[in-house]
Every structure is written in C-alpha cells, then in structure tokens.
Amino acid sequence: DNDDKREVQESAYCMFLDLLYDCEAGDEKEVTLEEILFFFSGAHIIPPNGFETAPSISFNDTAVFPMASTCSLQLTLPTQYKNDPSAFRSRVIDRIKNHGGYGTT
C-alpha cells in the first residue's frame, strides 16, 4: 500500500542522507562528496551559478544499485534495503566507484 511504499522510500532517502553527512564529516573513507556529485551530475564541481535543472531523487523497488541520469540530474535509489543500511551503503558506494564514467551511469 502507499504507506508502506512511502516508508521504504523515506528509509532509502535517510540512508542516502546519512552517507552524505558521513562524507561531509570525513567519517566515510570509501567515497567523497565530489564522487557522488560526479556520479549523478557528470560535474566535478557545482557550477558557480548552480545547475540549470534542480537535482531530484526517485526510487526503484527492484533495483539493486542506484542509477543516475546526468542530463536530468536525477538520482534513483534502490528501496529494497530498508532493513539493511550496510547493504544499501555498500551498493551505493560500489556503483559510484565503479560506474565507468560520465554517460554510463
């Protein structure tokens, strides 16, 4: 039902925010904020005037890894790891580190 779907989406979103916060604080050693930015935007830095399109996050119930559309600045997070934050983080970091470069995420 919709409440369950929202709950798993909120869980994925919160786990992603935890990853961002840990990167910002220097507690995450496997991936950087810059690598996350490049994964979903194709840019190594935020442009001085910002992006023309606002970044967005969507969710996928069947995906194992996150996906990114660099043209639309959309990050799609997997929702199947609701009860396993460690697996979520591992899959997100793995995809960011091994996505193959701009245009192949």
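Begin by selecting Leu19, Val31, Ile36, Phe40, Leu75 and Phe88, which are the residues with the most contacts inside the largest nonpolar core, a group of 20 residues. A nonpolar core here is a set of buried Ala, Val, Leu, Ile, Met, Phe, Trp, Tyr and Cys residues joined through side-chain atoms within 4.5 Å, and buried means under 20% relative accessible area, with exposed over 50% and partly exposed in between (1.4 Å probe, protein chains only). If you colour by element, you will find that helix 1, helix 2, strand 3 (74–78) and helix 3 each supply at least two residues of this core. Helices (H or I, at least four residues) and strands (E, at least two) are DSSP runs, numbered from the N terminus. In soluble globular proteins, nonpolar side chains tend to be buried together.

Before going further, please note that this is a predicted model, in which local features need pLDDT of at least 70 and side-chain atom pairs count only at pLDDT 80 or more, while totals for chains, interfaces and linings use all residues. Residues are numbered from 1 along each chain as its sequence is written, and side-chain values use heavy atoms, with hydrogens and water left out.

**Stop one: helix 2**

Select helix 2 (residues 33–41) and pick out its buried residues, which are Ile36, Leu37, Phe38, Phe39, Phe40 and Ser41. What lies over these buried residues? The cover includes helix 1, strand 2 (67–69), strand 3 and helix 3. Now centre the view on Phe40, which, leaving aside its neighbours within four places in sequence, is in contact (heavy atoms within 4.5 Å) with Pro55, Ala68, Ser69, Thr70, Leu73 and Leu75.

**Stop two: where helix 1 meets helix 3**

Show helix 1 (residues 2–25) together with helix 3 (residues 85–97), and turn the view until you can follow both. Their axes come within 10 Å and cross at roughly 65 degrees; axes are lines fitted to C-alpha atoms, for helices over the stretch in contact, and angles run from 0 to 180 degrees between N-to-C directions. On the side of helix 1, the contact is made by Ala12, Met15, Phe16, Asp18, Leu19 and Asp22, and on the side of helix 3 by Pro85, Phe88, Arg89, Val92 and Ile93.

Stay with Ile93 in helix 3, which counts as buried because its relative accessibility is 5%. Not counting residues up to four places away in sequence, Ile93 touches Leu19, Glu28, Glu30 and Val31. If you draw a distance from Ile93 to Phe65, C-alpha to C-alpha, it comes to 9.2 Å, although the two are 28 residues apart in sequence.

**Stop three: the charged pairs**

How many salt bridges does a search of the whole structure find? The search finds 5, where a salt bridge is a side-chain nitrogen of Lys or Arg within 4 Å of a carboxyl oxygen of Asp or Glu. Side chains of opposite charge can pair when their charged atoms come close.

Select Asp22 and Arg89, whose side chains meet in a salt bridge at 2.8 Å, N to O. This pair links distant parts of the chain, with Asp22 in helix 1 and Arg89 in helix 3, 67 residues apart.

Next, select Glu35 and Lys97, which form a salt bridge whose closest N and O atoms are 2.8 Å apart. Here too distant parts of the chain are linked, Glu35 being in helix 2 and Lys97 in helix 3, 62 residues apart.

Finally, select Arg6 and Glu10, which also form a salt bridge, with the closest N and O atoms 2.8 Å apart. Because they are 4 residues apart in helix 1, about one helical turn separates them. Arg6 counts as exposed, at 53% relative accessibility, whereas Glu10 counts as partly exposed, at 38%.

**Last stop: the cysteines**

A search of the whole structure finds 0 disulfides, a disulfide being a pair of cysteine sulfur atoms within 2.5 Å. Cys14 is partly exposed, with a relative accessible area of 43%, while Cys23 counts as buried, at 12% relative accessibility.
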